[in-house]
Amino acid sequence: MSQPLVQADFAGDAADVARRLIGATLLVDGVGGVIVETEAYDQSEPAAHTHRGPTPRNAAMFGPPGHAYVYFNYGIHWCLNFVCREAGHGAGVLIRALQPTHGVDVMRTRRGMDDERLLCAGPGRVGQALGIGAAHYGLPLDAAPFTVLAAPADAAPVQVLTGPRIGISRAVDVPWRFGLAGSRHLSRGFRPPRT
């Protein structure tokens with residue numbers, strides 16, 4: 001049986017939370033799936049929206065953990081992040097990809113496509129498929145419309161891949177992108193480790 005995650009489950013370092021979220025289930029109004037790819041961000045590094053301190057746009061990231069931080073990316077896509085660490089710190093986890101499991105037909109309609117593999121393969125696609133928008137900004141993740149469930153206790157342990165984050169120009173080598181090994185729903189493959 002899957003246990004709902006609560007505010008305290010998001011209070012750790014963003015990289016630890018991002019890794020632990022692989023295999024969890026995210027639903028928004030009952031629509032969503034298994035989290036297969038995440039990225040961590042922390043105010044200590046320049047790729048984070050919080051690096052230069054609080055602003056009206058990023059204020060939710062400095063709030064208590066276990067809340068949603070959403071932002072409009074490139075004027076096209078809403079992206080969903082989970083706030084981590086203690087209030088005032090400025091850290092979070094970007095939800096990069098899901099394996100659709102609930103409300104797949106709703107996601108197909110919202111995305112205007114049938115290919116299940118591409119419905120939630122990328123943060124903008126996740127936002128569109130789940131119907132994320134400005135109204136979700138700052139909402140708690142342990143209350144409607146959100147449901148975040150830990151991977152079932154009796155499930156096989158997941159193998160988590162690690163690599164550099166995507167689509168950023170700063171702190172590009174920080175290995176804070178995490179993905180479910182073998183998933184065909186990732187936004188992009190992981191490079192083999194350097195030897």
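F10 is a buried residue, its relative accessible area being 1%, in what is a predicted model. F82 is buried as well, at 0% relative accessibility.

**Aromatic pairs**

Across the whole structure, a search returns 4 aromatic pairs. One of them joins F10 to F82 in an edge-to-face arrangement, with 5.6 Å from centre to centre and 90 degrees between the planes. Because F10 belongs to the segment before α1 (14-21) whereas F82 belongs to strand β4 (residues 77-84), this pair ties together parts that lie 72 residues apart in sequence. The rings of F72 and W78 form a tilted pair, since their centres are 4.8 Å apart and their planes stand at 35 degrees. The tilted label follows because an angle under 30 degrees would count as stacked and one over 60 as edge-to-face.

Y69, Y71 and Y137 make up one aromatic cluster, while R177 is placed over the face of F190, at 3.8 Å from the ring centre.

**The helix α1 and its surroundings**

Which residues of α1 are buried? They are A14, A15, V17, A18 and L21. Viewed down the helix axis, the buried residues of α1 fall within an arc of 165 degrees, so they line one face of the helix. The packing partners of the buried residues of α1 are the strands β2 (31-42), β4, β5 (91-102), β6 (146-149) and β8 (177-180). After α1 comes G23, with a positive phi near 100 degrees.

**Loop residues and backbone features**

The loop between β2 and β3 (68-73) contains E45, a residue that is buried, with a relative accessible area of 5%. Leaving aside residues up to four places away in sequence, E45 touches A40, H51, R165, A171 and W176.

A171, one of these contacts of E45, lies in the loop between β7 (160-163) and β8, and its phi is positive although the residue is not glycine. R85, in the loop between β4 and β5, likewise has a positive phi in a residue other than glycine. The table sets out the values for these two residues.

| Residue | Phi | Relative accessible area | Class |
|---|---|---|---|
| R85 | near 65 degrees | 19% | buried |
| A171 | near 50 degrees | 22% | partly exposed |

The two classes rest on a cut-off, because buried means under 20% relative accessible area. R85, at 19%, is therefore counted as buried, whereas A171, at 22%, counts as partly exposed.

Where is the cis peptide bond that joins A144 to a proline? The bond links A144 and P145, with omega at about 10 degrees, and P145 is found in the loop between α3 (123-130) and β6.

Key
Residues numbered from 1 in each chain as written. Predicted model: local features only at pLDDT ≥ 70, side-chain atom pairs only at ≥ 80, totals over all residues. Heavy atoms only, no water. Phe/Tyr/Trp six-rings, centres within 6.5 Å; stacked < 30°, edge-to-face > 60°. Helix = DSSP H or I, 4+ residues; strand = E, 2+ residues; numbered from the N terminus. Buried < 20%, exposed > 50% of the residue type's maximum accessible area, 1.4 Å probe, protein only. Lys NZ or Arg CZ within 6 Å of the ring centre and 35° of its normal. Arc of directions from axis to C-beta. Contact = heavy atoms within 4.5 Å.
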